[in-house]
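Visitor: Please show me the structure, and let us then discuss one of its side chains and its surroundings.

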Amino acid sequence: MNFTTQILLLMAILSSLHVSCFEFQVGERPGWVVPPANDTKLYNDWASKERFIVGDTIRFKYRKDSVMEVTKSDYKNCNSTRPNFFSNTGNTIFTLDRSGFFYFISGATGHCRKGQQMIIRVMTQDQDSSAGGGSSSSSAGCRNIAVISYGVLFLIISFQFVA
């Protein structure tokens with residue numbers, strides 16, 4: 001089998017593997033805004049209906065605001081003085097890089113107390129598969145498919161020089 005055929009075969013195999021992470025739009029159409037007075041649990045209700053895994057991303061779209069990832073205590077107290085993560089770009093993408101809980105609040109004065117806050121629970125791979133899956137693939141696949149692809153490509157190229 002010649003080198004070109006091997007590369008084409010590898011690409012065909014890799015393209016048949018569909019493993020990807022998912023990007024979630026926080027707040028969907030309206031984005032990251034102060035919720036209506038009668039809907040202060042808007043973001044937590046939305047997040048509780050989704051299934052997040054390690055490697056997924058969440059996108060915050062907003063104007064004249066900010067988003068912060070904070071501790072559980074700072075979330076409960078709407079304390080924006082010590083964020084773990086802060087962004088005010090208007091289009092923030094945050095990668096869920098571990099399982100467990102993430103706590104988000106708005107950094108704009110008064111917005112958190114009006115309900116612009118959210119808790120996201122990121123499932124472990126075992127939790128995701130035992131719960132029947134969700135809207136995205138396993139966390140191992142999200143990151144490792146590229147490593148596997150390059151490894152296989154490296155092996156093919158190496159065999160080309162050995163042969």
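Guide: The side chains of Asp 65 and Ser 106 form a polar contact at 2.5 Å. Such a contact is a pair of N or O atoms within 3.5 Å; within protein, one must be able to donate a hydrogen and the other to accept it, and residues adjacent in sequence count only if both atoms are side-chain atoms. This is a predicted model, in which local features need pLDDT of at least 70 and side-chain atom pairs pLDDT 80 or more, while totals for chains, interfaces and linings use all residues. Residues are numbered from 1 along each chain as its sequence is written, and side-chain values use heavy atoms, without hydrogens and water.

Visitor: With which side chain does Asp 65 make a polar contact of 3.0 Å?

Guide: Asp 65 touches several residues beyond four places away in sequence, among them Trp 32, Asn 88 and His 111, where contact means heavy atoms within 4.5 Å. The polar contact at 3.0 Å joins the side chain of Asp 65 to that of His 111.

Visitor: Which side chain of opposite charge is nearest to Asp 65?

Guide: Asp 65 is buried, that is, under 20% relative accessible area with a 1.4 Å probe, protein chains only. Asp 65 has no salt bridge, a term for a side-chain nitrogen of Lys or Arg within 4 Å of a carboxyl oxygen of Asp or Glu. Lys and Arg count as positive, Asp and Glu as negative, and His and the chain ends are not counted. The nearest side chain of opposite charge, 10 Å away, is Lys 114.

Terms used. Buried < 20%, exposed > 50% of the residue type's maximum accessible area, 1.4 Å probe, protein only.
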